Amino acid sequence: RETILARVNDVCAGVALMTGTTITPEFTRPMPGVVNDSRLAAALEEASTAVLGPDHVSTIPLPSLGGEDFAFYLQHVPGAMLRLGSTPPGAAPQFLHTSRFDIDERALPVGSRILLRAAAAVS
């Protein structure tokens, strides 16, 4: 996060120098990055594999640049973020928080089983 913000400042300074202008980037109310607790992330991965099977579980290899307010919780307590697929069968996946998003509610009990199994493993 800090590297990206510093790079944006560097790019703005370079553009300002090349164009003879002044550019002052402002980052208002920046959202912190999601930093998963490694022990809890491992418990979620193991629980997901147990509930869904290994062919239905994957990790995200690179950080996402999307913002997520879950990060604010993680500033106070250890945690880990789990993405649970919830696209209805035959439907095209949609981004969250849009008017086109529709959840297959059958995913909710699956998510509950994963969370309960992970909680039992770390308690």
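How many aromatic pairs does the structure hold? The structure holds one, where a pair means rings of Phe, Tyr or Trp (its six-membered ring) with centres within 6.5 Å.

A word on the model before we go on. This is a predicted model, in which local features need pLDDT of at least 70 and side-chain atom pairs count only at pLDDT 80 or more, while totals for chains, interfaces and linings use all residues. Residues are numbered from 1 along each chain as its sequence is written, and side-chain values use heavy atoms, with hydrogens and water left out.

**The aromatic pair**

A pair of aromatic rings is described by the distance of the centres and the angle of the planes. Here the partners are Phe-70 and Tyr-73, with ring centres 6.2 Å apart and planes at 55°, so the pair is tilted (planes under 30 degrees apart count as stacked, over 60 as edge-to-face and the rest as tilted). Phe-70 and Tyr-73 are three residues apart in helix 3 (residues 70-74), which means that about one helical turn separates them. Helices here are DSSP runs of H or I with at least four residues, numbered from the N terminus.

The table gives relative accessibility, where buried means under 20%, exposed over 50% and partly exposed in between (1.4 Å probe, protein chains only).

| Residue | Relative accessibility | Class |
|---|---|---|
| Phe-70 | 23% | partly exposed |
| Tyr-73 | 59% | exposed |
| Gln-75 | 52% | exposed |
| Ser-86 | 13% | buried |

Gln-75 lies in the loop between helix 3 and helix 4. The C-alpha atom of Gln-75 is 9.0 Å from that of Val-34, 41 residues away along the chain. Ser-86 is found in the loop between helix 3 and helix 4 as well. Leaving aside residues up to four places away in sequence, Ser-86 touches Phe-101, Asp-102, Ile-103, Asp-104 and Ala-107; contact means heavy atoms within 4.5 Å.

**Helix 2 against helix 4**

Now for a pair of helices. The axes of helix 2 (residues 38-52) and helix 4 (residues 107-122) come within 8 Å and cross at roughly 130°. That makes helix 2 oblique to helix 4, because angles under 35 degrees count as roughly parallel, over 145 as roughly antiparallel, 65 to 115 as roughly perpendicular and the rest as oblique. Among the residues that meet are Leu-40, Ala-43 and Leu-44 in helix 2 and Val-110, Ile-114 and Ala-118 in helix 4. The residues of this contact divide into 12 nonpolar, one polar and three charged.

How values were computed: Axes are lines fitted to C-alpha atoms, for helices over the stretch in contact, and angles run from 0 to 180 degrees between N-to-C directions. Helices (H or I, at least four residues) and strands (E, at least two) are DSSP runs, numbered from the N terminus. Ala, Val, Leu, Ile, Met, Phe, Trp, Tyr, Cys and Pro count as nonpolar, Asp, Glu, Lys and Arg as charged, and the others, Gly among them, as polar.
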